[in-house]
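Good morning. Please have the sequence and the model open while I talk. I will go through a few contacts and then the packing of some helices.

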Amino acid sequence: MSLRRFAVLCAFPLLWVGVARAGEFDLDDDAPSKPSATPAPTAPHRTFTLRECLELADRNHPNLWAARARVALAHGQLDEAKYLPFWQWSAQAGGGIAPIIGGTVGYTSAPATALNPTASTYEPFFTFSISGTVPLYTFGKITAAREAGEANVRVQEWDMEKVRDLVRMDVRRAYFGTMFARDARYLAKDILGKLQTAIDGIKKKLDKRDKSVDEIDETRLMIYRDQLLARSGDPDKGETYAMAALRFFTGVATDFDIPDKPLARPETVLGPLIEYLAAARLYRPEVNEARAGVVARRAQLALQRARFFPDVGVLLSANYNSFPSIVTQNNFWAANSGLNSFGFGFGVGARWSLDLLPNAARVEQVESQLEEARSLE
C-alpha cells in the first residue's frame, strides 16, 4: 500500500505541471471534452466509521485472540505456582483375587485346599494408600515462584496491549489508505478532464492556424494525459487492497464500506517533543513489558538459587488393606504383614535434590536472561 501511494504521489506533480502548462494557452473552458463512462449501479453497503472499525478489530483480529490466549496461559501458570507447593500428594489403589487362607500360624485349617486351589477358593481383595508433604520452609521457593508468575501475567498483558496498538495502527493505515485512494481517483479524474479540455482547445487553435500554440504543446499535453491514464488503475488497486485489509481486520466479510469523505487535516495539534518522550516512558507497552520482564527474571533467579537448599515439611501418610479370604491373626507375635489393616503416620522430614552442578548451570542461564531483560528495559 505504501509503495502504491508513493507512486501515485510521484505521478501527480507531473500531471499538475501539465495542467499548469495547459493554462498558459488561454483556452476556452467551454471546450467539449470526451464523455466519461457511467459506472454501473452497485448495491448500497453499510458504512463503518473509524471508531467502529477499531472496535471490531479489537474483538475479531486473530493476533489479539492469540494474545488473550497467552494471557490466559500466564494466569494458569500463576495458579499452578500458587497450588503446586501445597499439593504434593500421591495415592495408589489396587485389587485382585487371593486364595482362601485359614487357620492360625501354627496350624492351617485346609491343607488340601491350599495345595489344590480351585476357582471357588479365591476371593477379591483391595488396597489403598495415600501420602503427601505439607511444606514448612522452602528457602524462598514458594514466594519466588508466585512473584515470577505474577510478573509473567503482567508481561503477557502488556504484550497484548502492544499487539492491540499494532492492530489499531494497521486499521488506521488501511482506513486512511482507502480514503486516500478514493481522493486520488477523484483528483485523477479532474486532472484528466482538464487535460482533455486543454488538448481540445489547442486543436481548435491549430485548426485556425493560431501562432500562439504549436503541435509540440499538443504532444506534451497528450503525453501527460497518457501518463495519467497509465496510472489511473493505481488508486483502484490501492483501494481494493485497503478494503480487503479492513475486512480481514474487522471480521466483516460482506456488506462493508467506509464513508466516502475526503481526507481532512487532523484536529490534534502536536505538542513539544519532551511530552511525547515522557509519555512513552510511562505508557508505552513495550517499556512496561520490559519492566515486568525484569521483575519476572529476578524472581526466576531467586527461585533457581533457592533450589540449592532442601525443602522441609510435614510428611503424612495413610493406608487401608482388605483381604477377606485371609483370616486375621490376632496373636501379638504373628501379624498379617499389614493385611486387613488400616494405618496412618506423620513426621517431619526434608527433601533435597543434589543436582548442584546442573543447578549452577541453570542459575547462569537465568542470570543471562536477567541481563537481557535489563538491556531491553
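Which residues does Ser-322 touch, not counting residues up to four places away in sequence? Ser-322 touches Phe-125, Phe-126 and Asn-340, where contact means heavy atoms within 4.5 Å.

Before going on, some notes on the source. This is a predicted model, in which local features need pLDDT of at least 70 and side-chain atom pairs count only at pLDDT 80 or more, while totals for chains, interfaces and linings use all residues. Residues are numbered from 1 along each chain as its sequence is written, and side-chain values use heavy atoms, with hydrogens and water left out.

Back to Ser-322, which lies in strand S3, residues 311-322. Helices (H or I, at least four residues) and strands (E, at least two) are DSSP runs, numbered from the N terminus. From Ser-322 to Pro-124 there are 198 residues in sequence, but 8.9 Å in space, C-alpha to C-alpha.

Next, the helices. The axes of H5 (residues 141-207) and H6 (residues 215-230) come within 10 Å and cross at roughly 160°. That makes H5 roughly antiparallel to H6. Axes here are lines fitted to C-alpha atoms, for helices over the stretch in contact, with angles from 0 to 180 degrees between N-to-C directions; angles over 145 degrees count as roughly antiparallel. The contact includes Ile-191, Leu-195 and Ile-199 of H5, and Leu-221, Tyr-224 and Leu-228 of H6. By class, the contact of H5 with H6 has 13 nonpolar, 1 polar and 5 charged residues. Ala, Val, Leu, Ile, Met, Phe, Trp, Tyr, Cys and Pro count as nonpolar, Asp, Glu, Lys and Arg as charged, and the others, Gly among them, as polar.

H5 also meets H3: their axes come within 8 Å and cross at roughly 175°. H3 and H5 are therefore roughly antiparallel to each other. Their contact has 11 nonpolar, 6 polar and 8 charged residues.

Last, the cores. A nonpolar core is a set of buried Ala, Val, Leu, Ile, Met, Phe, Trp, Tyr and Cys residues joined through side-chain atoms within 4.5 Å, and buried means under 20% relative accessible area (1.4 Å probe, protein chains only). The largest has 22 residues, and Val-171, Tyr-175, Leu-246 and Phe-256 have the most contacts inside it. H2, H3, H5 and H7 each supply at least two residues of this core, and H5 gives the most, with 7. A second, separate core of 10 residues includes Ile-191, Ile-199, Ile-202 and Leu-221.

Technical notes. Angles under 35 degrees count as roughly parallel, over 145 as roughly antiparallel, 65 to 115 as roughly perpendicular and the rest as oblique. Buried means under 20% relative accessible area, exposed over 50%, partly exposed in between (1.4 Å probe, protein chains only).
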